[in-house]
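Please find my notes on the model below. They are set out as numbered points.

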Amino acid sequence: MSALATRARAFAAFWWDFVVGDDWRIAVGVVIAIAATALLAHTGVPAWFVLPVIVVAVLAWSVRRAARRAVDQ
Amino acid sequence: MTGWPLAAATFLACGVEAVEAATIVLAVGLTRGWSSAGRGVAAALIVLVAVVAVLGPAVSALPLGALRIVVGGLLLVFGLGWLRKAILRAAGYRALHDEDQIYRRETASALTASSRSAFAVPDVYGFTIAFKGVLLEGLEVVFIVLTFGTNAHHVGIASIAALAAIGVVVAVAIAVRGPLTRVPENTLKLLVGTMLTSFGTFWAGEGAGAHWPGADASLLWLTPAVLVVVLAAAGWLRAGRRSALATSR
């Protein structure tokens with residue numbers, strides 16, 4: 001791998017780690033939650049509850065998964 | 001969110017980042033000398049100013065709806081990441097963030113690392129560690145100031161609060177000349193994670209077209225609700241861990 005490719009990879013890894021962090025599933029859950037809110041709001045149905053519900057579910061799922069992995073190790 | 005709530009939220013969030021950066025710079029400065037550490041800090045500040053110069057106008061130019069989705073989404077990802085760590089630490093699944101331990105680790109590494117000079121830097125190791133520490137934590141400060149400030153249309157207040165937080169931390173660090181161990185960093189991180197998640201949920205929801213009952217006032221129930229969920233999750237995981245440990249004995 002060339003030095004330029006190595007640096008580009010390191011640069012991308014830095015930003016991935018900075019923005020996404022330890023669990024990429026959280027970022028995916030946030031994107032899904034915002035998309036679901038936008039879709040529901042577009043139909044005229046009250047959509048404010050979608051984000052808090054999905055956010056709580058994603059957080060609970062992520063910490064439970066991390067705790068299980070810690071126990072298994 | 002305007003005035004004092006904005007200033008308080010920004011001050012707390014940026015204060016936590018400043019404590020982490022100060023610990024690294026102190027460890028490097030006191031063991032490897034201040035010349036290279038100081039240059040590392042200065043270089044990181046120059047990069048951060050460049051980032052603000054590029055990102056600031058770009059963020060301000062976004063239409064409000066798109067800005068709220070992007071900023072709210074990023075705040076949510078950041079906030080949930082902080083809360084995830086805070087819950088796992090509170091439940092005992094992850095080591096507590098210990099500034100004293102980090103300081104000792106950085107000091108031990110700094111004492112054993114070889115010394116090499118390059119360009120105008122007498123000690124590349126000291127320069128690099130100080131540069132990375134300030135740049136990483138500084139990027140989070142920039143992100144917090146830009147997102148909180150732009151959304152509330154008060155970048156000035158957010159900037160002043162951030163500078164005040166950094167000023168207080170630097171002044172205390174200079175006075176103590178050691179790790180800021182008395183700062184309840186884990187508790188602060190839990191509170192800041194709660195704020196980032198609450199504001200992120202609110203702004204992302206508004207940007208996506210949702211109408212919150214009570215408009216801005218919904219933050220008054222949303223923030224405590226997030227905190228209750230976080231504390232409940234930590235308690236639930238802690239109880240599960242105790243029961244698992246009791247079963248394994």
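1. Helices (H or I, at least four residues) and strands (E, at least two) are DSSP runs, numbered from the N terminus. On that basis chain A reads α-α-α from the N terminus on, with 3 helices and 0 strands. The radius of gyration, taken over C-alpha atoms, is 17 Å for chain A, well over the 11 Å that the globule rule gives for 73 residues, so the chain is more spread out than a compact globule. The globule rule is 2.2 Å times the number of residues to the power 0.38. Along its principal axes, the C-alpha trace of chain A spans about 55 × 35 × 15 Å.

2. This is a predicted model, in which local features need pLDDT of at least 70, side-chain atom pairs count only at pLDDT 80 or more, and totals for chains, interfaces and linings use all residues. Residues are numbered from 1 along each chain as its sequence is written, while chains are lettered from A and ligands numbered from 1 in the order in which they are written.

3. pLDDT is the predictor's confidence in each residue, from 0 to 100. Chain A averages 88, and 97% of its residues score at least 70. Within chain A, confidence is lowest in helix 1 of chain A, at a mean of 81, and highest in helix 2 of chain A, at 94.

4. Two residues are in contact if their C-beta atoms, placed from the backbone, lie within 7 Å. The contact between the chains takes 29 residues from chain A and 27 residues from chain B. On the chain A side, helix 1 (3–19), helix 2 (24–42) and helix 3 (50–72) of chain A each give two or more residues; helix 3 of chain A gives the most, with 13 residues.

5. A residue is buried if 20 or more other C-beta atoms lie within 10 Å of its own, exposed if 12 or fewer, and partly exposed in between, with C-beta atoms placed from the backbone. By this count 27% of the 73 residues of chain A are buried. In chain B, B:Val41 sits in helix 2 (residues 34–61) and is buried, with 23 other C-beta atoms within 10 Å. Leaving aside neighbours within four places in sequence, B:Val41 is in contact with B:Val25, B:Ala130 and B:Val134.

6. In helix 6 of chain B, the buried residues include B:Ala158, B:Ala162 and B:Val169. The buried residues of helix 6 of chain B pack against helix 1 (3–32) and helix 5 (124–152) of chain B. Just after helix 6 of chain B, B:Arg177 takes a positive phi of about 55°.
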